[in-house]
Structure formats: structure tokens, C-alpha cells
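Dear colleague,

I am handing over the structure below for your files.

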Amino acid sequence: MTQIYAYIVHKDGVLDDSAMELIEVAKKIADTPVTAIVTGSGVDAVAAEAAKIYPEVIKIDNDALAYPNAEVVRKALVNALPADSIVLLANDTFGMDLGPGLSIKMDSSYISDIVAIDGVDGDLLKTIRQEFGGEVSTHTTCDMSAGAVINIRPGSFGMDESKAASGNVTDKSADAGDLTCGRKFVEIVVPEAGDVDITKADVLVSVGRGIEDEENIEMVTELAEAMNAVVSCSRPIVDAKWLEPARQVGTSGCTVKPKVYLALGISGSFQHMGGIKGGFIIAVNKNPNAPIFQVADVGIEADILDFIPELTEAIEEL
Ligand SMILES: Cc1cc2nc3c(=O)[nH]c(=O)nc-3n(C[C@H](O)[C@H](O)[C@H](O)COP(=O)(O)OP(=O)(O)OC[C@H]3O[C@@H](n4cnc5c(N)ncnc54)[C@H](O)[C@@H]3O)c2cc1C
């Protein structure tokens with residue numbers, strides 16, 4: 001079995017939760033020590049944090065790696081890692097950009113967005129992916145004999161939060177080679193905070209496309225007021241301009257950690273669920289096969305257009 005590497009995502013010096021997930025994935029693939037890879041500019045502290053999780057950490061420090069430019073990171077990894085490596089990446093926006101091209105450059109197998117591992121048979125890795133918004137599971141086999149790049153859906157594998165390791169950090173910055181590239185990083189555009197900060201709310205009443213019409217948003221607001229909660233939403237609601245961007249939960253919106261998350265007419269896409277980092281999830285959906293029911297603590301099969309006013313009335317009576 002070749003060496004397994006986990007690419008560490010970090011922002012403002014803080015490791016992404018995927019750092020604690022990828023080590024769990026690696027353990028399911030092989031019983032060999034896994035090495036974390038930290039790239040960036042001035043990443044000593046981040047590498048030290050990664051060493052609390054991983055027995056070995058490779059650091060590639062270069063000004064050209066200061067911003068999330070997948071083309072530059074790809075070059076650095078191709079130059080620094082053995083060709084037959086198994087590289088684990090989070091299936092976030094950056095990982096989706098990095099992974100496919102990396103597998104081509106490393107001449108290895110590629111598999112995207114896996115949610116589970118179904119076993120290992122020699123060099124063959126059996127994985128499960130989801131299609132059609134999570135309503136269909138597909139079983140896929142990945143030949144790892146010449147290496148593999150594997151994108152893992154965030155939130156699917158659990159986390160090793162012990163931070164009990166005291167790993168070695170090896171500086172491979174000199175192995176990164178020529179990092180000039182055609183793609184230029186321009187800027188990070190941070191969404192405006194707006195009047196509301198859903199990241200601080202204890203109770204979120206979150207609305208999705210199931211609400212059907214802009215006029216119906218009012219009943220969600222009334223329910224939130226009755227519950228002393230804050231209204232949040234999925235991306236289609238922001239795209240339709242029914243609520244402001246500051247209320248969007250998900251990988252391209254806000255990350256929230258409420259005590260209670262009431263999801264109304266939200267299917268449970270991984271981009272949405274990726275923004276919920278804890279809390280008791282109550283999902284209301286009229287489709288009994290909606291993927292959100294697989295992760296909700298409580299699932300209620302109902303039409304939200306009936307359910308919301310009834311719940312508001314019941315709470316107001318209380
Ligand atoms: C790069 C990228 C980033 C993204 N980032 C985000 C993100 O940050 N946040 C995000 O939310 N999405 C994001 N998305 C979009 C994401 O893929 C999904 O399309 C989106 O989350 C779906 O939103 P939804 O669940 O509201 O709508 P749908 O998937 O359309 O689900 C609507 C649900 O409502 C149910 N429903 C319909 N009518 C009723 C009713 N009357 N009563 C009860 N239930 C009903 C349906 O059964 C369905 O389950 C991103 C996509 C991409 C490609």
C-alpha cells in the first residue's frame with residue numbers, strides 16, 4: 001500500500017474541520033500512518049496544529065501559496081509527493097477545483113464526493129457516492145494501484161477530535177519547484193454581515209425552496225418571532241432575493257452552530273448541511289425520502305404551508 005496524504009484546509013490560521021475527518025477516512029483505507037500536507041505562506045502555526053492530529057506533517061511554505069489558487073497548489077503537490085500517492089481532499093469548492101487536475105498530473109485514479117467506504121479489496125477501494133441530491137446511492141470501485149486522488153464529502157465520516165498526536169513536521173518547501181502559473185488570484189470577497197448574524201443564534205428557523213413563494217416567507221418570520229428565533233435559509237431563497245445573503249447557511253454561505261436548527265422545506269444538500277456544525281436538527285419536509293431525514297434528529301413528514309401556521313399558533317397559545 002502506498003502512502004496516504006491528507007490535504008489540510010485552513011483559513012486565518014485555523015484548521016477546517018475536514019482536517020479531523022480525513023484522518024478517519026485514511027484509517028478506513030489502510031492501517032498505515034497518514035501524512036498531513038499543509039500549504040500556504042507562513043504556515044508554521046497551522047502545521048503545528050495539524051501535528052496534533054497527524055503523526056507526520058509535510059509543510060510547503062511559499063508566498064505563491066498564500067491564496068487558494070488550485071493551479072499553484074497542484075504544482076506544489078505534484079512536485080513534492082511520490083507519483084503513486086493516495087491523496088485525500090475535502091470535497092469543498094477548493095477541493096473540487098484541485099482534485100481532478102491533480103489526479104491527471106499524478107496519472108492516478110480519481111473519485112469525487114464520496115460519502116462512505118464500503119471496503120478495501122487489495123488495491124481496490126469500494127466507495128459510496130450520492131446522486132440526484134442524495135436520493136440515489138452509487139457504489140463505485142477505485143483502483144488505487146497507481147495512486148488515487150479522493151474527494152471526501154465534508155461531514156460524512158465523523159471526526160477524530162482528540163488532538164492527541166504529537167507529529168513531526170517536515171519542511172518540503174524546497175521540493176515545491178516552479179510555482180508560476182497562468183491563473184492569477186484576484187481577491188476574496190467576504191459577504192456583508194447585514195443586520196443579522198445567524199452564526200450567533202441559538203435557534204434558527206431555516207427555510208428552503210419548499211416555501212414555494214416569496215409571500216410565504218412572512219409566515220416563517222412569524223414562526224421565528226413566536227419561537228424567539230432567527231430566520232436563516234438555503235441558497236435558492238437568496239438566489240431568488242427573498243432573503244438577504246447574510247441569512248444563507250452552507251458552504252458558500254454562513255457556518256452556523258445553533259442549539260436548535262428547524263429546517264423547513266430544505267432537501268439537505270451537502271452544500272447546505274456543510275454549513276451546520278452542530279445542534280439539534282428538526283426537519284420538516286413533504287417528501288419522506290428527502291436526504292435531510294438521514295441526518296435530522298427529528299423528521300416530520302408534512303406540508304410546511306400547513307405546518308408553519310399551525311406550529312406558530314400552538315407556540316403562541318403556550
Ligand atoms: C458551489 C455550490 C455552492 C452551494 N452552496 C450552497 C450553500 O451555501 N447553501 C445552500 O443551501 N445551497 C448551496 N448550494 C445549492 C445546493 O446544491 C442546493 O441546490 C440547495 O441547497 C437546495 O436548496 P433547498 O433544499 O432549499 O431546495 P431543494 O433541493 O429544491 O429542496 C426543496 C425541498 O422542499 C421540499 N418541499 C417542497 N415543497 C414542500 C412543502 N410544501 N412542504 C414541505 N416540504 C416541501 C422538497 O421535498 C425538497 O426536499 C450550492 C451549490 C453549489 C454548486
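**Domains**

The protein chain is divided into domain 1 (4–175) and domain 2 (198–317), with bounds that come from an automatic or database domain assignment. The centres of the two domains, taken over C-alpha atoms, are separated by 31 Å. To the contact, domain 1 gives 9 residues and domain 2 gives 10 residues; two residues are in contact if their C-beta atoms, placed from the backbone, lie within 7 Å. On the side of domain 1 that touches domain 2, there are 1 nonpolar, 4 polar and 4 charged residues. In this classification Ala, Val, Leu, Ile, Met, Phe, Trp, Tyr, Cys and Pro count as nonpolar, Asp, Glu, Lys and Arg as charged, and the others, Gly among them, as polar.

Two points on the source should be kept in mind. Residues are numbered from 1 along each chain as its sequence is written. The model is predicted, so that local features need pLDDT of at least 70 and side-chain atom pairs count only at pLDDT 80 or more, while totals for chains, interfaces and linings use all residues.

An open sheet of 9 strands runs in the order 9-8-7-10-6-1-4-5-11, and its pairing is mixed. At its edges are strand 9 (136–143) and strand 11 (168–171), each of which pairs on one side only. From one strand to the next, the twist averages 40 degrees, where axes are lines fitted to C-alpha atoms, for helices over the stretch in contact, and angles run from 0 to 180 degrees between N-to-C directions. Strands (E, at least two residues) and helices (H or I, at least four) are DSSP runs, numbered from the N terminus, and two strands pair if DSSP finds at least two bridges between them.

Strand 1 (residues 4–7) pairs with strand 6 (residues 86–90) in the parallel sense over 3 bridges, and Y5 stands opposite V87 in strand 6. Strand 7 (residues 109–121) has a parallel pairing with strand 10 (residues 148–152) over 4 bridges, where Y110 stands opposite V149. With strand 8 (residues 124–131), strand 7 pairs in the antiparallel sense over 6 bridges; the bridge partner of I117 in strand 8 is T127. Strand 7 and strand 8 form a hairpin with 2 residues between them, and G122 in the turn has a positive phi of about 65 degrees.

**Buried and exposed residues**

Helix 3 (residues 70–80) has the buried residues A70, V72, V73, R74, K75, A76 and L77. Their cover includes strand 4 (34–40), strand 5 (56–61), strand 6 and helix 4 (93–106). A residue is buried if 20 or more other C-beta atoms lie within 10 Å of its own, exposed if 12 or fewer, and partly exposed in between, with C-beta atoms placed from the backbone.

I276 lies in the loop between helix 7 and strand 15 (280–285). I276 counts as buried because 23 other C-beta atoms lie within 10 Å. Leaving aside neighbours within four places in sequence, I276 is in contact with V249, V256, Y261 and I281. By contrast, D12, in the loop between strand 2 (10–11) and strand 3 (14–15), is exposed, with 5 other C-beta atoms within 10 Å.

**The ligand**

The ligand is surrounded by 28 residues, of which G208, G210, S234, G250 and S267 are the closest; a residue is near a molecule if its C-beta atom, placed from the backbone, lies within 6 Å of it. Helix 6 (235–239), helix 7 (270–273) and helix 8 (304–317) are the elements that give two or more residues to this shell. By class, the shell has 6 nonpolar, 18 polar and 4 charged residues.

Yours sincerely
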